[in-house]
Amino acid sequence: MTELNWSISFDERISPEGMPNAAKVDDYANFHKKSIKEYKEFWAGLATELDWFKPWDKVLDDSNPPFYKWFAGGELNASYLCLDRHVKSARKNKVAIIWEGEPMEDGKPKEVRKLTYYDMYREVNRVAHMLKEKYNIKQGDVIGIYLPMIPELPIFMLAASRLGAAFCVVFSGFSSDAIAERMNDAEAKIIVTADGSWRAGKMLDLKSIVDQAMQKAKTVKNVVVVTRTRNKVNMVEGRDEYFEDAMKGVHTNAYVEPERVKSESPLYILYTSGTTGKPKGQVHDVGGYMTLLHATMKWVFDIKDSDVYWCMADIGWVTGHSYIVFGPLMEGATEVMYEGSPVFPEQNRWASIIERYGVSVFYTSPTAIRGWIKGGEQWVKMHDTSSVRLMNSVGEPINPEAFKWLFRLVGREKVPFGSTWWMTETGGIMISHVPGLMMLPMKPGTNGFPIPGIDAEVVDEKGNPQKAGERGFLVLKKPWPGMPLTIFKDPNRFVDVYFSKFPGQFYAGDYAVRDPDGYFWVLGRADEIIKVAGHRLGTYELESALIQHKAVAESAVVGVPDEIKGEVPVAFVILRQGFIPSEQLKGELKELIRQQVGPIASLKDVFFASKLPKTRSAKIMRRVVKAVAMGMPPGDTTTLDDEASIDEIKNAYAQLSGEVGKK
């Protein structure tokens, strides 16, 4: 069998010497080994650091696997953890959220709101009072939320959790059908939306989308509309009400006693989309979920009272739930929240936000970084980003070149920079560097070690552990706090999707490798693996090789059918500014793949495009790219950020295939 080279380096490392909490790999490995050996006791120790109304009866109820219940019998409230305990402390008047709107003037936002923990506490209590008295929302109910990135979004989430009601947030870019499907499945009683939102200079009419959804959303009886753009919208009498009208008569100092909910009670339902079947409603609990977030905010982000924290995600996705709303607010952090695009009206908006608010802890995505690379370094150098002391990325594997670019320009080649691996289902970060606990050497492109208490493994098709350097499937071997309670109303599917491939272990659906030092490298979704003459190639390793070329900003590699080899890889490439497509460049990229990965990985073709199809959570839709390359319909694109990118891919493929020239 032909030996493959690696387009990533297991050995390239950046020493943590001089960084806080610098440690050796063996120190962490020993600590981690003990944490998973005694994982129940370990997590119980973390949970005691939260404020519980009633202690748990049992650390882990594992009587009905895989439906685990953490801290069973304990009682607490997520809204209380995020607000009440801070209001009782010196953090009462500390700024919780710095929010800026998208419309800009002379390079500065027209709207900025700063809300202290006391501001948030009062507003959440008022909204909870309104939901309880006006709409009879109570424990066991579900409220739907379809809001843009404005402070009212976390306020409604915290108000629902204060009442013990679950919430179901739908990303504000989803279609009416997607909303209706989720509201019906979750059996939501009301939905909260806005008259509109701003994105890349365009006003989006959210209310009309909800109106269309209401034709199919049978359980929703009322619509609350937050004023954002003052867009004139249709209001249905008896069903719709403006937020400000609903809040009339609610006293400024209204107070709602936080519901004492069971640790294993549902906090929220968040739907994940798959390539087949209806979306899966992931149900997350309160006690286990909040414990995991508390731990990861400390270990991964090393959060301190003096920090200004910025997670660039949208709250419509799990990253926003965990690391914009509940994690940072539980820890009493000051955080930045923004509306719109980080590269509008100019490529430097994201860097200007860092400078404007003195961001010290920065959480971004590989896709965003690759977009900035395409724009050029000059946009970053316009601003002072020296306030940043720690960085992390999320969303998909980070290419080594993307890591090095941000590490050099923003990290000044000295701040901790990690790539976190987790997913909607896990609730929080599972694999990452943990500079708040110990700082290990950084390797460009790796995710690092599993966090303490998480027992991860790379296994083969039969579930046997792979040796170091051998690629396989990523699994989690032991239950963890923050894992889903179930798929809403579909427990059989929960077992089938996550626990049937490798019985007794959680199957993440990702392909990975562990290097000789114990670092994990997630190589992408297992269903995106390209099988060339029996060799399994990860899209990540091929794309990481391509991005090493000075002309390449971003790439997507997919496999297409081949009569002899089964599949062969083709690449769609976005070039940096100043470079143009050519046959010579195409040849250079093909040769680069042969050198970096191996002859078996030779590209059949290279196509140049200016856009790649991406979800609104900034993940490349390789499924869509592959469909176009195979001449098939792209399928469901409701999560696509820009429909025009499909046409870009089609044109690129057509031009290089000679079809355009024949017409």
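Student: Contact means heavy atoms within 4.5 Å. With that in mind, which residues does Glu-528 touch, not counting residues up to four places away in sequence?

Tutor: The model is a predicted one. In it, Glu-528 touches Thr-539 and Arg-622, with residues up to four places away in sequence left out of the count.

Student: Where is Glu-528 placed?

Tutor: Glu-528 belongs to the loop between strand 27 (520-525) and strand 28 (530-532). From Glu-528 to Ile-398, the C-alpha atoms are 16 Å apart in space, while the two residues are 130 residues apart in sequence.

Student: Let us step back. How many helices and strands are there in the protein chain?

Tutor: The protein chain has 20 helices and 32 strands. Its C-alpha atoms fill a box of roughly 70 × 60 × 50 Å along the principal axes.

Student: What radius of gyration would a compact globule with 663 residues have, and what does the protein chain have?

Tutor: A compact globule with 663 residues would have a radius of gyration near 26 Å, and the protein chain has 24 Å, which agrees. Buried residues account for 62% of the 663 residues.

Student: Among contacts between residues at least 6 apart in sequence, what share joins residues at least 24 apart?

Tutor: In the protein chain, that share is 73%.

Student: Now the middle of the chain. Which way do the residues of strand 21 point?

Tutor: Strand 21 covers residues 390-393. Leu-390 and Asn-392 point one way, Met-391 and Ser-393 point the other way, and all of them are buried. In a regular strand the side chains alternate between the two faces of the sheet.

Student: Which strands are joined to strand 21 by bridges?

Tutor: Strand 20 (residues 361-364) runs parallel to strand 21, and four bridges join them. Phe-362 stands opposite Met-391 of strand 21. Strand 22 (residues 417-419) also runs parallel to strand 21, joined by three bridges. There, Ser-419 of strand 22 is the bridge partner of Ser-393.

Student: And what do strand 21, helix 14 and strand 22 make?

Tutor: They make a right-handed β-α-β unit, with helix 14 spanning residues 400-409.

Student: How many residues of helix 14 are buried?

Tutor: Seven of its 10 residues are buried, so helix 14 is largely enclosed by the rest of the structure. The buried residues include Phe-403, Trp-405, Leu-406 and Phe-407.

Student: What about helix 12, residues 366-375: how many of its residues are buried?

Tutor: Eight of its 10 residues are buried, so helix 12 is largely enclosed by the rest of the structure. Among them are Pro-366, Ile-369, Arg-370, Trp-372 and Gly-375. Helix 12 is followed by Gly-376, which has a positive phi near 110°.

Student: Changing topic: how many aromatic pairs does the count come to?

Tutor: The count comes to 45 aromatic pairs. In one of them, the rings of Phe-156 and Phe-243 have centres 5.3 Å apart and planes at 55°, so the pair is tilted. The pair links distant parts of the chain, as Phe-156 is in helix 5 (residues 152-163) and Phe-243 is in helix 8 (residues 243-246), 87 residues apart.

Student: Are Phe-156 and Phe-243 buried or exposed?

Tutor: Both Phe-156 and Phe-243 are buried.

Student: Which residues form an aromatic cluster?

Tutor: Phe-67, Trp-480, Phe-494, Tyr-498, Phe-499 and Phe-506 form one.

Student: And which rings have a lysine over them?

Tutor: The charged end of Lys-443 sits over the ring of Tyr-519, 4.4 Å from the ring centre. Lys-501 lies over the face of Phe-473, 4.9 Å from that ring's centre.

Student: On to strand 30, residues 552-562. How many of its residues are buried?

Tutor: Nine of the 11 residues are buried, so strand 30 is largely enclosed by the rest of the structure. Strand 30 pairs with strand 31 (residues 566-575) in the antiparallel sense over 10 bridges. Val-560 stands opposite Val-568 in strand 31, and a hairpin of three residues joins the two strands.

Student: One last residue. Why does Thr-272 count as buried?

Tutor: Thr-272 has 10% relative accessibility, and buried means under 20%. Thr-272 lies in strand 16 (residues 266-272). Beyond residues up to four places away in sequence, Thr-272 touches Pro-279, Lys-280, Gln-282, Thr-424 and Glu-425.

How values were computed: Residues are numbered from 1 along each chain as its sequence is written. This is a predicted model: local features need pLDDT of at least 70, side-chain atom pairs count only at pLDDT 80 or more; totals for chains, interfaces and linings use all residues. Side-chain values use heavy atoms; hydrogens and water are left out. Rings of Phe, Tyr and Trp (its six-membered ring) pair if their centres lie within 6.5 Å; planes under 30 degrees apart count as stacked, over 60 as edge-to-face and the rest as tilted. Buried means under 20% relative accessible area, exposed over 50%, partly exposed in between (1.4 Å probe, protein chains only). A charge sits over a ring if NZ of Lys or CZ of Arg is within 6 Å of the ring centre and within 35 degrees of the ring normal. Two strands pair if DSSP finds at least two bridges between them. A crossover is right-handed if, with the strands pointing away from the viewer, the path from the first strand over the helix to the second runs clockwise. The radius of gyration is taken over C-alpha atoms; the globule rule is 2.2 Å times the number of residues to the power 0.38.
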